[in-house]
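Subject: Structure for your review

Hello,

Please read them alongside the coordinates.

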Amino acid sequence: MVLEASLDGDYITAAEAEGLRKIYGLDKSVLAQYFDWIWRMVVHGDLGRSFSYELPVEELIWDRLGMTTLLSLCSMVFIWTVAIPVGIFSAVRKYSLGDYVANFLGFIGLAVPNFLLALVLMYVSFRYFGQNVGGLFSSDYVNAPWSFARVGDLMAHIWIPMIVLGTAGTASVIRTIRANLLDELHRPYVVTARAKGMPKHWVLTKYPVRHALNPFVSSLNELFVQIVSGSTIVSIVLGLQTAGPLLFDALRQEDMYLAAALIMFLSFLTVIGTLFSDILLAWLDPRIRRQFNNGGL
Amino acid sequence: MQSVRCHGFGAQADLVPLHASTSQVDDCLHAPNPVDRTAAPILELQNVSKHFPIRSGFFNRQTGTVRSLNDVSLNIWRGETLGLVGESGCGKSTLGQTIIGLHKATTGKVLFRPIRSQLTGKTDSQLRPYWADIRMVFQDPNSSLNPRMAVYDIIAEVLRVGQDLKSRKDIEGRVLEVLDKIGFSKEFLKRYPHAFSGGQRQRIGIARALAPYPKVIIADEAVSALDVSVQAQILNLLKDLQEELNLTYLFISHDLSVVAHISDRVAVMYAGRIVELADTETIFNASRHPYTEALMSAILEPVPNAHADDTRIRLEGNVPDPANLPKGCPFAPRCRYATSICESSDPSLGEISTDHLLACHHPDVVQNTPVDQLEAMAG
Amino acid sequence: MSATDFAGAPTSSRAYEGQWRLMWRRFRKHKLGMLGGIITLLIYLIAVFVEFLAPHDPNDFSVRNTYAPPQSIHWLLETKDGTVFQPHVLGYRSKIDYNSGRRTFVEDPRRVVKLGFFVKGKPYNLYGFIPAERRLFGPVKKRDRMFLLGADRLGRDVLSRTIHGTRVSMTIGLVGVALSLVLGVLIGGLSGYFGGWVDTVTQRVVEFLQSLPSIPLWIGLAAAIPPDTPPLQTYLLITVILSIIGWTGLARVVRGKFISLKSEDFVKAARLDGCSVPRVLVGHMVPSFISHIIAVVTLAIPGMIVAETSLSFLGIGLRQPVVSWGVLLQEAQNIRSIADAPWLFWPGVMVVIAVLGLNFFGDGLRDAADPYSK
């Protein structure tokens with residue numbers, strides 16, 4: 001934590017350095033700095049100044065956190081739209097070709113770490129398509145103000161990180177749904193419904209699928225936490241304008257207020273996500289709803 | 001710690017010679033042992049209650065109380081079998097586990113002869129000496145036998161941790177002795193529970209109970225998980241063992257025909273309290289409680305429609321929620337004879353004739369049709 | 001009565017088998033689990049005999065061989081006596097294109113590098129203290145080099161480095177999980193055993209920790225390790241960092257098992273047999289859940305490996321000269337180097353194989369963990 005020289009390499013006088021230390025509060029102990037920071041944040045909403053950007057932290061982080069949220073939500077949607085139908089399909093058509101393919105992809109998603117998948121994707125697209133897939137925007141739009149064109153550009157770029165982030169989750173969701181649905185399909189009530197002449201797809205969607213989705217909904221929070229967590233490293237590899245790379249740079253440059261604020265708000269994001277998914281679960285599952293009503297929190 | 005085990009009182013030492021029974025009950029009933037009810041009871045329950053707190057919410061605050069046992073008093077004499085019947089959830093199992101000390105009673109006392117030692121209010125380590133005298137046979141032999149231990153180890157565990165048998169040889173001798181009692185041969189010693197059928201496993205459970213020369217056995221639904229034919233075998237085994245070893249049984253079951261088969265006296269439980277208690281014959285022929293009446297009528301008869309008038313009483317509703325008991329008699333909401341007094345005040349258990357206890361505001365309302373239910377139930 | 005009674009009883013040898021034998025029976029039927037087990041075993045064997053298996057010292061560099069592509073083994077050699085069986089690789093002739101600054105490599109048929117088993121290579125200290133120089137497979141002549149999986153930026157042998165990385169990466173998973181296990185069993189066990197407010201507090205803490213994003217926290221904590229920390233200390237600190245969050249999952253499993261076992265009849269029966277609390281725990285409860293714990297632990301190792309790899313890949317975990325798969329993948333960080341030298345992905349392939357193997361193995365163990373269900 002020593003600011004002997006500014007980034008350009010110009011020397012500064014000892015007095016100037018002392019002044020800077022005062023401004024950034026570096027003359028106090030680490031613990032005191034931490035509590036000062038918390039205090040200023042709670043009382044004044046002041047997150048401190050970034051050393052390396054020489055800007056207030058809050059000017060730097062909101063855009064990035066917003067992008068992280070957007071990317072995470074997109075990945076969630078990606079997982080839902082892919083994993084639920086595939087999971088149902090592979091349970092209903094057990095041991096079919098499609099089931100094996102889904103299983104195989106599931107294993108890949110399970111075993112390939114996010115950053116490695118990102119690297120491989122980068123390699124493939126560079127090698128065979130001759131383009132760099134990094135970033136969330138084309139160079140024209142990186143610093144442009146928001147517009148429809150910029151949103152369109154974002155959508156054109158976001159799908160690669162979305163797939164990278166979603167693959168692991170997709171794999172695990174397919175596995176859960178397949179296993180749950182297979183359990184459910186052997187229940188006597190399904191046999192009864194079939195014996196009474198209910199059409200197959202009707203039986204399937206009316207009861208077992210709903211039951212099979214329940215454990216999935218209850219693990220939504222874990223999924224969200226994993227995605228936000230994973231997005232950090234994927235973004236670093238792919239050079240996305242999300243919170244991850246900013247955090248990484250901040251840590252490498254010992255830009256502590258910026259890093260602390262980012263870690264805190266990323267945690268905040270996942271805690272909120274957990275809360276939302278718990279509420280969703282309570283809304284979907286009558287048993288939990290009842291628990292809430294009787295005595296609840 | 002001082003061992004309170006009294007061997008003069010134990011096991012085979014004082015086998016009572018079998019007289020011809022004084023009261024010759026119907027043949028199909030269990031011929032009662034010569035139980036001396038003038039002596040002090042071997043187990044005495046005085047106003048035992050067990051309440052469980054309900055905790056919920058973020059901080060696990062107590063938000064209610066489940067009153068599983070309410071003011072239960074009863075005596076069990078040496079050598080007898082007391083049957084305990086009731087619907088599931090009425091507190092039968094809780095009573096068994098509270099007597100032995102697996103659950104600690106909230107209020108009340110459990111006294112155990114010979115010296116009326118108090119079992120309540122003791123810690124596990126204080127109770128350990130008594131746990132050799134009072135043993136338990138569990139409902140489901142699949143879960144009560146550790147699947148990872150061989151038969152020998154299951155039975156020997158109690159002897160190994162006990163104080164009486166020190167040498168390995170003594171322990172092995174005792175295990176073989178007990179195995180012989182339940183009709184097992186030596187070759188089964190090294191087998192694991194999964195190698196046995198349900199009935200055989202329950203025999204192992206009984207052998208484990210017998211190992212430390214107990215005086216009292218609490219059998220909690222001991223035959224409920226078994227096939228009917230196997231049930232009969234196990235019941236007969238229990239009866240033989242009782243005669244041979246002068247054991248005392250507290251036999252907990254929801255199955256009236258099983259209880260009739262083995263019990264000398266029967267206590268009927270409802271919502272955590274005893275509502276009627278009498279000898280088996282009285283309970284089956286001259287019960288006075290509307291709940292007992294309903295239970296009796298639910299026994300399946302071997303010949304359907306043998307009695308033109310369908311005497312079956314259907315109980316509406318369920319056992320009251322023990323977390324939220326009604327104010328008056330807990331049975332009142334389901335009782336077809338209930339009057340206003342039943343809804344306002346809770347009847348206490350009182351003696352209506354010799355050895356017949358009843359908790360009902362209207363002791364004479366039940367019409368005792370002397371149906372040949374006894375025949376029915378014993379086949 | 002006994003004679004007829006046992007008519008239906010199974011009398012196979014299974015009747016005399018304890019839980020481990022039954023589990024083994026069950027596990028053998030789980031084909032993927034068996035495959036995973038074999039893969040896991042092989043990888044750990046590699047980790048044990050790293051020095052012997054690697055053909056070269058991982059830090060031997062040769063600038064001449066910068067980004068040399070993988071060589072293929074030729075089996076037959078033409079000599080003046082005719083064709084003989086002699087495994088060999090062909091050395092490279094390299095040319096530098098001064099416009100692009102890249103080297104191009106062409107196999108030179110005249111530079112035959114003869115290979116053999118149990119060859120003498122550069123001397124090394126096995127486990128740091130046993131001096132040795134034999135290696136399983138490599139060039140017969142000490143000074144020759146072979147690059148079966150190519151070379152990296154400094155001309156170091158990717159195969160040797162990947163093999164060396166196995167030890168660090170695979171053990172960091174073990175050590176990290178062991179630490180998490182100690183924390184998890186301790187905290188989860190206490191929570192499940194005492195119940196009440198202890199349980200409530202622990203559960204809330206676990207839930208809170210589980211709703212935090214682990215990678216940003218890991219990055220933050222790992223970045224706090226001073227860069228000049230000695231390698232061994234860095235290694236230990238990284239495992240500590242990984243287990244700070246990793247214990248929560250294990251604690252949950254232990255607590256859950258504990259609570260469900262506490263109400264099992266056979267545990268009550270053991271209590272009534274007069275067993276003391278430690279005897280109930282060690283003699284009756286632990287044997288019932290140790291197999292589940294082993295399965296859960298096995299399934300937790302891959303997460304640790306991936307986490308270490310990710311941190312080291314970013315340059316804030318383990319650092320040079322320590323060789324781990326993550327450190328090796330750092331070489332593959334920029335698009336130019338992976339475009340020029342895709343063989344730098346080999347450590348990544350090893351990560352994938354190890355993770356898959358451990359996952360399959362863990363799945364198999366989990367399915368076999370309770371041989372008494374059904």
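Buried area here is the accessible area, taken with a 1.4 Å probe, that two parts lose on being put together, summed over both. The model is a predicted one.

By that definition, chain C and chain B bury about 3400 Å² between them, with 54% of it on carbon and sulfur atoms. On the chain C side, Arg271(C), Leu272(C) and Asp273(C) lose the most area to chain B, together 21% of what that side buries. The contact involves 36 residues from chain C and 42 residues from chain B.

Between chain C and chain B there are 3 salt bridges. In one salt bridge, the side chain of Asp273(C) meets that of Arg135(B) at 2.7 Å, N to O. Polar contacts between chain C and chain B come to 11 residue pairs, both residues at pLDDT 80 or more.

Helices of chain C that each supply at least two residues to the side touching chain B include α2 (19-29), α6 (196-210) and α10 (277-314). The largest share of that side, 6 residues, comes from α9(C). By type, the side of chain C that touches chain B has 15 nonpolar, 10 polar and 11 charged residues.

The strand is β3 of chain B, residues 81-85: 5 of its 5 residues are buried, so β3(B) is largely enclosed by the rest of the structure. Thr81(B), Gly83(B) and Val85(B) are buried on one side, and Leu82(B) and Leu84(B) on the other. β3(B) runs parallel to β8(B) (residues 248-252), joined by 4 bridges, and Gly83(B) stands opposite Phe251(B). Another 4 bridges join β3(B) to β9(B) (residues 265-270), also parallel, where Leu84(B) stands opposite Ala267(B).

Regards

Methods
Residues are numbered from 1 along each chain as its sequence is written. Chains are lettered from A and ligands numbered from 1 in the order in which they are written. This is a predicted model: local features need pLDDT of at least 70, side-chain atom pairs count only at pLDDT 80 or more; totals for chains, interfaces and linings use all residues. Side-chain values use heavy atoms; hydrogens and water are left out. Contact means heavy atoms within 4.5 Å. A salt bridge is a side-chain nitrogen of Lys or Arg within 4 Å of a carboxyl oxygen of Asp or Glu. A polar contact is a pair of N or O atoms within 3.5 Å; within protein, one must be able to donate a hydrogen and the other to accept it, and residues adjacent in sequence count only if both atoms are side-chain atoms. Ala, Val, Leu, Ile, Met, Phe, Trp, Tyr, Cys and Pro count as nonpolar, Asp, Glu, Lys and Arg as charged, and the others, Gly among them, as polar. Buried means under 20% relative accessible area, exposed over 50%, partly exposed in between (1.4 Å probe, protein chains only). Two strands pair if DSSP finds at least two bridges between them.
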